[in-house]
Amino acid sequence: MQAEKRFTEGSRARLRAEIEDAGGNEVFALGYCDEAGLVASLEVAARGNEISVLALDRFQDPSRPPDVLIHNHPSAFLTPSDNDLVIASRAAEGGMGSFIVDNQVEKVYVIAEPTRRRKRKDLDPERLCAALEAGGAISRRLPSYEIRESQLGLMRLIIQGFNEDALVAAEAGTGVGKSFAYLLPALVFALENNERIVLSTATIPLQQQLFDKDIPLVVSALNKKIKVVLIKGRGNYLCRRRLYDALREQSLFEEDDGDLRAILAWSEITKTGSRSDLSFMPRDELWSRICSEVDLCMGMRCPERERCFVLALRKESADARILVVNHHLLFADIAARREGAGYDSTVVLPPYRRIVIDEAHKTEDAATSFFSKEFSRPGLYRQLGRLYLSRRGRQMGLLLRLPAISAQELDDAAEAIAKTRDAAGALDEAGLDLCAEEGVFRLCPSREDRFLPILIPALLTLRKCLTALTGVLRSLAAFADDETVPADADHNAVLWEVKAVLRRLETVAAICGAFVEYVERPQEVMWIEAHRSTAAGDDRGAWVIFTVTPLEVASVLGSALFEPHKTVVCLSATLTVAGSFAYWNNRSGITLVPERELLTGQFPSPFPYARSVLLAAPADAPLPDEGQYQSFVDQAVLKLTELAGGSTLVLFTSYEALKSAYTAAVPALEKQGIRCLKQGDDDRSRLLGAFLADESSVLFGTDSFWEGVDAPGDTLRMVILCRLPFRTPRDPVFEARREALEKQGRNPFMELSLPESVMKFKQGFGRLMRRCGDRGVVAVLDGRILRKRYGEFFIRSLPKTRTSFGEFSSILRDVENFLFS
């Protein structure tokens, strides 16, 4: 075929010049087509020799993938090689074509046609906003709907982000209705442009709310079909192969686990295999034994592949236009793409170019958690037990099921496993000693006198034992993988799991190495934290978790999240501090792609805070470092909750402070028929359920209750914030980040501690007013909010309310008048 039918004259000349500059050798280029379908511009990715060139499909602007992969054959023989066909096939999955040309770019061989890119159809803001206005398609479907100008403004900003391929950061106060403000543009854009859009939320319950409630309403209003799929992390889905394996082991030891038998029966009737669909909550230890895990998945080699829940979900999502995920799953997908999987094929998720991130204030924490690596003694023991375990005179484990393993080989492996267990136990004891005072311990030069003598030798011993054990396992796996060894389905599954355990043990060894080499790894934080299970029947005692955490994640998020995707919309009720996005922008990495357009906007809550909320802060409240502070809090909590008659959420920053206030308040409150609920007495969901069911109850909570509590009406008439939520200095990652800022000559209090605390304070404040008709009091018992200059940052970050800043006795009068007048 003549090249002029596929290239513009300018692009032919450019490619010809590039080939000439490369001495007539092979050149690999990325081509971009114009509206007529001709290659109009080029980007040279690699240069090779007379017979080969690297096929590098990395491109400068990941948000705009090439239309065609192009290379030349200097021989002028344009028939594709086998490698050419493999590369072309991979490119075709992402809609890219593949061309071969001669050195003069006069002839072209088209291996695969590029997918013609449709001209984007921009969203019409007036048409979409009409759906949320009086009589609109969505407003008609909502009882007592009221037009909210802030919601319409937010939606216009999001529409602009889609139309201009921009990044968006928007703060939407409680009651704005941000879900509909982003769902409507996202669904319409996906429909009209045949694009896939990912909606990411902070938690699975929020995913479920979008999927079950909000999205169906929008789809109904649009009166068009659009495929939406909810995807959770693999660990939420049952693996049939692992279930049957667990049942086999249970039978071997003549044990009877009723939960396991119940899950087996459920597995035959469930359509999704999702843990949340079970009628009971299985033990974490049991579920981890039978759930799907990426490194244990055999894929197409699995004997249960035809009934695999995860494969079925992957097939279901392949042609979906909307994917509803959570932040952890999103980062799992982004990490894999960043590490080389690319942006045009299915990895954890099918390919996509646009993302909406709800609860975006959690982005940094979610990314920090995902990119951290950790291990613990109980976790390591589980992996070793999977390999080999002897109980009541019986042996079990994967190694026993490897074909042709000799008695001597099994003994050698069992001995290596026993040594590893002993080394892990010794390391755990050393970690518990270091954590004895504060519960956590971070490795840093100033503390070397404490950990060098006991922790480093134990880490080196465990790493040595793991190296020896993985060597034994590698030899056994290599022999079992020999084609001369007879194999069946069970053999393949066992071998796969042995290799997976091997990789996990190698990861533990690598973490040990990171701890030993902590000085040489300044961009990571090595820390340990003590844990103790309080669950009935849990005999694990106390243990420590060894964690390696990235010092910062902004650079990763900038390059892997914000740069490659055409549109990323980030929304939350708390993204600003005193009206500025600077803190969130810097921590999230969104400002590290300055070439991308960034749209920001604040959209205040439509709720009448000025008449419906009283912000109270006693002027005579002690500072937290003063001796009488805790006794003041104990008495203030009791008096305020008595005055309100319950209906109170009391939030703390430490569990010790919570226990003190709870102990002081319970006798008097319960005499008055006020039920007291305390975090730790039951799981979070049941505590919230009990609180919502009893309007006169009081709930005492710490960290996790500062967010995600939705108690409208008289259930919640007062929120008490006992202390400004500054992160504890003992937090190892926070401590390391503060020190890093200090080394740069910056102010860690103003750049990190204060803004983070203000954002969490806003979340706590936001628990009170959940509906327009709600009314109540937010009381702050920390004297710093009035007596320290930085206290104004907290107050300025809140909506305008009525205030009471007198002595505590006058606060009580103001609260009583406000609640009962």
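I started with Asp 428, which forms a salt bridge with Arg 377; their closest N and O atoms are 2.9 Å apart. I placed Asp 428 in helix α14 (residues 407-434) and Arg 377 in helix α13 (residues 377-387), so the pair ties together parts 51 residues apart in sequence. Both Asp 428 and Arg 377 are buried. I note that this is a predicted model.

Next I looked up Asp 295 and Arg 504, whose side chains meet in a salt bridge (2.7 Å, N to O). Asp 295 sits in the loop between α9 (284-290) and α10, and Arg 504 in helix α17 (residues 489-516), 209 residues apart. Both belong to a network of salt bridges, whose members include Arg 241, Arg 289 and Glu 497. I found 55 salt bridges in the structure.

Arg 14 and Glu 18 meet in a salt bridge (3.1 Å, N to O). Both lie in helix α1 (residues 9-21), four residues apart, about one turn of the helix. Arg 14 has 36% relative accessibility, so I list Arg 14 as partly exposed. Glu 18 has 14%, so I list Glu 18 as buried.

I turned to cavities. The search gave four of 30 Å³ or more. Of its 18 lining residues, the closest to the centre are Cys 239, Ser 292, Cys 297, Cys 302 and Cys 308. The lining divides into ten nonpolar, two polar and six charged residues.

Last, I checked confidence. The chain averages a pLDDT of 90. Confidence is lowest in α7, at a mean of 81. Over residues 482-487 pLDDT stays under 50.

Conventions: Residues numbered from 1 in each chain as written. Predicted model: local features only at pLDDT ≥ 70, side-chain atom pairs only at ≥ 80, totals over all residues. Heavy atoms only, no water. 1 Å grid on protein atoms, 1.4 Å probe; cavity = no way out; pocket = protein on both sides within 12 Å on 5 of 7 lines; lining within 4 Å. Points joined across faces, edges and corners; volume = space filled by probe spheres on them. Nonpolar A, V, L, I, M, F, W, Y, C, P; charged D, E, K, R; others polar. pLDDT = per-residue confidence, 0-100. Helix = DSSP H or I, 4+ residues; strand = E, 2+ residues; numbered from the N terminus. Contact = heavy atoms within 4.5 Å. Salt bridge = Lys/Arg side-chain N within 4 Å of Asp/Glu carboxyl O. Buried < 20%, exposed > 50% of the residue type's maximum accessible area, 1.4 Å probe, protein only.
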